[in-house]
Amino acid sequence: MMAHLHWRQLALTRQGLTQAQPFGSGLHGTRQAIEHLGYVQIDALSVVERAHHHTLWARVPDYQPSHLNRLLAERQIFEYWFHAASYLPMRDYRFALPRMNAIRTGEHPYFTNIDTRMMREILDRVREEGPLSVRSVDTGRSKQGSWWNWGPGRRALDKLFMQGDLMVRERNGMEKIYDLAERILPADLDLREPTPHEYASYLLESTVRAHGLVTWKQLLHLKTGKPLKAAMRDVLTERIESGTLVKVEDPALPDCYVDAGALDTTSAAPKTDRVKLLSPFDNALIHRERLSGLFGFDYRLECYLPAAKRVYGYFCLPILMGDRFVGRIDCKAHRAEQRFEVLSLHIEDPTVDKVDFAPRLDEAISEFAAFNGCRYQPVR
């Protein structure tokens, strides 16, 4: 078995975080990255560049936020729900069908008591007038004006999207533009709903591809239902018996399995001490328990906590150096002023040579600031 260091190297290499151009560059690299990772989570928080752009920028040289709309237009990716709102490869569309069909038949409790007349009106309007933006639908907000107090129009639109009648054609910032699914889906796309066994196989294979080694909890992250759980047990057993997966014998990684092909590799990744700032929603660290077991890095996004309970800051970014998470940094992009501010910095790895580390961290911050349309002035 590999040493624990090699587990980390394998995981980061499969995530595309150790090489200069793991997926290529530009638009092509963006598509390749999404297809390899399986999904890229979308998030609305904009203290710094939003999570979906940040995650891709960390892996794809010459990445531009406009690439996502271009790939949507080319029908190479689509937007839907994975464990959260995400961009997904169009080739995997059929694996969204179980959720879509469950919502259509009323199995999802949130999507009950929706105004069906309004749903028909929205579909007719899109069919006759073309793509529809969210703001053009009457949201019926409460007197308090809360974004979360969705009115009947917004809830009807949301269900049409979640059950697959409407798809996102593009985004203007965070505003979604919807069109009929029949106008967006490629004509030759496989639209057969997968069986639980096929869906479990898809989840397992895409997770192994993207991470190299996976935990049981990671495979079923926010996925529910006894049929899927049973199917995942069957698929996992099949892969172990066939020799394509091997159980990891490491007490820090319980119920963890590694791609057997990686065991023949003497070094899972080139040695590098390059510093990267990652998004809190980056694919490499979204599974917090696995992150802790694999890297010894306990991470929690504190923007959801009251200010008095925050330890590291509102939107701290994990700092990756080589194959170690060495700390976190709380930043803010003042875009109107084109100024990038570091609010707090916490270096937690005691082995870090801070004299050597400081200029490389400054370089990483400066590069990220430029991506945010800002300038960073180091203070030393």
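A crossing of two helices is left-handed if the near helix is turned anticlockwise from the far one by less than a right angle, and right-handed if clockwise. By that rule, α9 passes α11 in a right-handed crossing. This is a predicted model, in which local features need pLDDT of at least 70, side-chain atom pairs count only at pLDDT 80 or more, and totals for chains, interfaces and linings use all residues. Residues are numbered from 1 along each chain as its sequence is written, and side-chain values use heavy atoms, with hydrogens and water left out. Helices (H or I, at least four residues) and strands (E, at least two) are DSSP runs, numbered from the N terminus.

**Helix pair α9 and α11**

- Two packed helices are described by the angle between their axes and the distance between the axes.
- Helix α9 (residues 196-211) packs on helix α11 (residues 226-242) at about 60°, and the axes are 8 Å apart.
- Axes are lines fitted to C-alpha atoms, for helices over the stretch in contact, with angles from 0 to 180 degrees between N-to-C directions.
- α9 and α11 are therefore oblique to each other; angles under 35 degrees count as roughly parallel, over 145 as roughly antiparallel, 65 to 115 as roughly perpendicular and the rest as oblique.
- In contact (heavy atoms within 4.5 Å), residues of α9 including Pro-196, Tyr-199 and Leu-203 meet residues of α11 including Leu-228, Met-232 and Arg-239.
- By class, this contact of α9 with α11 has 11 nonpolar, two polar and three charged residues.
- Ala, Val, Leu, Ile, Met, Phe, Trp, Tyr, Cys and Pro count as nonpolar, Asp, Glu, Lys and Arg as charged, and the others, Gly among them, as polar.

- Leu-222 sits in the loop between α10 (216-219) and α11.
- Leu-222 is exposed, at a relative accessible area of 56%; buried means under 20%, exposed over 50%, and partly exposed in between (1.4 Å probe, protein chains only).
- From Arg-127, Leu-222 is 95 residues away in sequence and 34 Å away in space, C-alpha to C-alpha.

**Three-strand sheet**

- Two strands pair if DSSP finds at least two bridges between them.
- Three strands form an open sheet in the order β1-β3-β2, with antiparallel pairing.
- β1 (40-41) and β2 (77-81) are the edge strands, each with a single partner, so one side of each has no neighbour in the sheet.
- β1 is joined to β3 (residues 85-89) by two bridges, and Val-40 stands opposite Tyr-87 in β3.
- Helix α4 (residues 66-73) lies across β2 and β3, at about 100° to β2.

**Strands around β6**

- Strand β6 (residues 175-180) is mostly covered, with six of its six residues buried.
- β4 (residues 132-133) pairs with β6 in the antiparallel sense over two bridges, and Leu-132 has Tyr-178 as its bridge partner in β6.
- β5 (residues 166-172) runs antiparallel to β6 and is joined to it by six bridges; Glu-170 stands opposite Ile-177.

**Four-strand sheet**

- Four strands form an open sheet in the order β10-β11-β12-β13, with antiparallel pairing.
- β10 (275-277) and β13 (339-347) stand at the edges with a single partner strand each, so one side of each lacks a neighbour in the sheet.
- From one strand to the next, the twist averages 30°.
- Six bridges pair β11 (residues 316-321) with β12 (residues 324-334), and Met-321 has Arg-324 as its bridge partner in β12.
- Helix α13 (residues 354-371) lies across β10, β11, β12 and β13, at about 45° to β10.
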